[in-house]
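This briefing concerns the structure shown below.

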Amino acid sequence: MASGYQSCAQNPFLAGTSASGSLFYLKDHNIMSLNFTGRVAIVTGAGGGLGKQHALALAARGAKVVVNDLGADVHGDGGSVSAAQAVVEEIRAKGGEAMVNGASVTDYEAVKAMVQQTMDAWGRVDILVNNAGILRDKSFAKMEIADFRLVMDVHVMGAVHCTKAVWAIMQAQNYGRVVLTTSSSGLYGNFGQANYGAAKMALAGLMQTLSIEGEKHGIRVNCLAPTAATRMTEGLMPPEVLNALQPQAVVPAMLVMASEDAPNRTILCAGAGSFEVAHITLTQGLHLGLHDDTAEQLAAALAQVKDPAGQMVPLSGSAQGGHEIAMALAAHSA
Ligand SMILES: NC(=O)c1ccc[n+]([C@@H]2O[C@H](COP(=O)([O-])OP(=O)(O)OC[C@H]3O[C@@H](n4cnc5c(N)ncnc54)[C@H](O)[C@@H]3O)[C@@H](O)[C@H]2O)c1
């Protein structure tokens with residue numbers, strides 16, 4: 001058996017107690033299961049929706065889980081730790097280990113205290129799933145700056161706070177798995193979600209650099225772009241569609257990105273049991289040089305510059321600059 005893996009049959013907790021039937025596809029198909037025994041995970045916003053399913057699944061596979069949730073409503077108002085406490089109790093009732101934390105991810109001091117609480121109890125942090133989030137949807141024309149700022153604060157600074165608070169620990173361990181929850185609203189846009197889309201795309205940018213900086217310390221950073229029926233999507237889709245979009249159907253993507261064999265620097269999309277990868281690609285483009293009419297030439301050649309044939313995914317930002325320089329040098333030497 002490959003190290004770090006165990007069959008479902010060897011783990012009684014895996015073998016038949018989770019409410020999530022979809023988790024058992026591994027057992028049914030007799031595939032080795034992803035095992036998190038001995039791992040410590042923090043899941044933010046885990047009192048309900050996707051975060052709850054992430055926490056249950058990690059615990060079901062052996063991880064000790066900090067179930068963080070401020071207990072806010074979908075707009076970020078209010079606060080009660082009772083939903084997160086209920087998730088902890090559900091995990092414990094099934095034989096797993098979990099503890100509750102009610103920090104707001106927007107409060108860096110409270111986040112640092114959460115990480116200290118984790119270290120005091122379990123001595124390490126292997127996995128951070130940045131999942132907490134809110135919505136303040138309105139068309140940009142009607143959106144208040146305060147609603148823009150709050151959404152940025154919860155999604156972007158929330159993930160920054162949590163990731164920063166575990167980063168040195170993961171570096172010292174030479175091991176860490178960080179999942180940032182992005183969204184198709186950020187990757188591709190959605191009417192009424194300028195604040196949310198900007199915040200979610202910022203997380204993809206954060207992932208791009210953290211995955212580069214973390215690599216030599218054994219830290220892998222990836223983005224999850226989920227689609228699920230939660231209170232966030234209530235009323236947006238017909239019942240039969242919402243039924244297909246169980247949050248549990250997203251969880252396998254999180255488990256892969258939290259696992260020992262996780263990829264690095266991947267934007268994994270997941271919904272209704274389907275999975276895709278989103279790439280931020282660069283077209284081959286065109287070298288036009290610097291002339292009085294370069295703008296006119298570019299306007300005329302825009303379709304060619306946009307042509308996706310031969311597009312690539314640069315390994316870093318400087319690789320994109322390198323592509324431009326290489327085209328310029330090739331044009332000069334021709
Ligand atoms: N549901 C979808 O289709 C979808 C699509 C794309 C992205 N997402 C993202 O997935 C994540 C989970 O969303 P969900 O659909 O499960 O929504 P949800 O509202 O059910 O869950 C979000 C959780 O975050 C908690 N939370 C909010 N602000 C917090 C704060 N400051 N500190 C700690 N916890 C806080 C809430 O109390 C709630 O339990 C979010 O980041 C969301 O943006 C969801």
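Helices α4 and α5 cross with a right-handed sense. The contact draws on residues of both helices, including Val 111 and Val 115 of α4 and Ala 165 and Ile 169 of α5. The model is a predicted one.

**Packing of α4 and α5**
- Two packed helices are described by the angle between their axes and the distance between the axes.
- Helix α4, which spans residues 108-122, packs with α5 at an angle of about 40°, and the two axes are 9 Å apart.
- From α4, the contact involves Tyr 108, Val 111, Lys 112, Val 115 and Met 119.
- From α5, the contact involves His 161, Cys 162, Ala 165, Val 166 and Ile 169.
- By class, the residues of this contact between α4 and α5 comprise eight nonpolar, one polar and one charged.

**Surroundings of the ligand**
- There are 32 residues around the ligand, of which Gly 45, Gly 49, Ala 132, Gly 133 and Thr 230 come nearest.
- Two or more residues of the shell come from each of α2 (49-60), α5 (145-173) and β8 (219-227).
- Helix α2 gives the most to the shell, with three residues.
- The shell around the ligand contains 19 polar, eleven nonpolar and two charged residues.

**Domains**
- The domain assignment gives domain 1 as residues 5-278 and domain 2 as residues 294-333.
- The centres of domain 1 and domain 2, taken over C-alpha atoms, are separated by 36 Å.

Key:
Residues are numbered from 1 along each chain as its sequence is written. This is a predicted model: local features need pLDDT of at least 70, side-chain atom pairs count only at pLDDT 80 or more; totals for chains, interfaces and linings use all residues. A residue is near a molecule or strand if its C-beta atom, placed from the backbone, lies within 6 Å of it. Helices (H or I, at least four residues) and strands (E, at least two) are DSSP runs, numbered from the N terminus. Ala, Val, Leu, Ile, Met, Phe, Trp, Tyr, Cys and Pro count as nonpolar, Asp, Glu, Lys and Arg as charged, and the others, Gly among them, as polar. Domain bounds come from an automatic or database domain assignment. Axes are lines fitted to C-alpha atoms, for helices over the stretch in contact, and angles run from 0 to 180 degrees between N-to-C directions. A crossing is left-handed if the near helix is turned anticlockwise from the far one by less than a right angle, and right-handed if clockwise. Two residues are in contact if their C-beta atoms, placed from the backbone, lie within 7 Å.
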